Amino acid sequence: MPDDSLSVDRLYTITVILLDGQQHVVEFRRHAYNNLMELIVNELYENIGDCKGHAWCGTCHVEILTNETVAGETLTGEAVASEIQSGEILENAALNAPPIEPMTRDEVMTLGKLPNTVPSSRLACQIMVDELIDNAVFRVRGDVS
Ligand code: FES
């Protein structure tokens, strides 16, 4: 019997909290968008994605929340860069986040420059829209606090 768990017809769900605090549940099909930033822009009309997904601008900065919400500690860009270097931030993200793609070098550099990163920060443009983010909760943080 064929495995239909990855069928293109299957609907997945995420919750997105926008910059104004409004919370939205969004259903999507696997790879319906190139990345999470495009989904947020197209489905929720949030004004993010200035660099069109190149991981340069930081406007698509999101915090990944789970059922055990990540402590709302705000780190400076310098602290994030230091934590990324020590591997601590990736460990924290791994503990709290769904098993999505690892960060690229560009993503690490851009997050390291933002003033409002937290241990579970990611760039939405670097997150694929697939089964790995099913049921995840994302808070849009943008590039300012
Ligand atoms: S769209 Fe610019 S960093 Fe994601």
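## A walk out from helix α1

Let's start in helix α1, where the buried residues are Leu-36, Met-37, Leu-39 and Ile-40. They span an arc of only 165° around the axis, so they sit on the same side of α1; the arc is taken from the directions that run from the helix axis to the C-beta atoms. "Buried" here means 20 or more other C-beta atoms within 10 Å of the residue's own, "exposed" means 12 or fewer, and "partly exposed" is in between, with C-beta atoms placed from the backbone. An α-helix has 3.6 residues a turn, so residues three or four places apart point the same way.

Before going further, a word on the model. It is a predicted one, where local features need pLDDT of at least 70 and side-chain atom pairs count only at pLDDT 80 or more, while totals for chains, interfaces and linings use all residues. Residues are numbered from 1 along each chain as its sequence is written.

What lies over that buried face of α1? The cover includes β1, β2 and β5. Helices (H or I, at least four residues) and strands (E, at least two) are DSSP runs, numbered from the N terminus. The protein chain has 4 helices and 5 strands, and along the sequence they come as β-β-α-β-α-α-α-β-β.

Now for the sheet. Its 5 strands form an open sheet in the order β2-β1-β5-β3-β4, with mixed pairing. β2 (23-29) and β4 are at the edges with a single partner strand each, so one side of each has no neighbour in the sheet. On average, neighbouring strands are turned by 35° against each other, direction ignored. Helix α1 (residues 36-44) packs on this sheet, touching β1 (11-17), β2 and β5, and its direction makes about 115° with that of β2. For these angles, axes are lines fitted to C-alpha atoms, for helices over the stretch in contact, and the values run from 0 to 180 degrees between N-to-C directions.

Two strands count as paired if DSSP finds at least two bridges between them. Thr-15 stands opposite Val-25 in β2.

Leaving aside residues up to four places away in sequence, Met-37 touches Ile-48, Gly-49, Gly-53, Cys-60, Ala-124 and Cys-125. A contact here means C-beta atoms, placed from the backbone, within 7 Å. In the protein chain, 72% of the contacts with a separation of 6 or more link residues 24 or more positions apart.

The loop between α1 and β3 is worth a stop. Tyr-45 lies in this loop and has a positive phi of about 60° although it is not a glycine. With 8 C-beta neighbours inside 10 Å, Tyr-45 counts as exposed. Lys-52 is in the loop between α1 and β3 too, again with a positive phi of about 60° although it is not a glycine. Lys-52 is exposed, with 12 other C-beta atoms within 10 Å.

Finally, how far can you trust all this? The mean pLDDT (the predictor's confidence in each residue, from 0 to 100) is 82 for the protein chain, and 72% of its residues reach 70 or more. Confidence is highest in α1, at 97, and lowest in helix α3 (residues 88-96), at a mean of 49. Over residues 67-77 the pLDDT is below 50, and this stretch has 19 contacts in the model beyond near neighbours in sequence. Where pLDDT is low, the predicted coordinates should not be read in detail.

Notes: Two residues are in contact if their C-beta atoms, placed from the backbone, lie within 7 Å.
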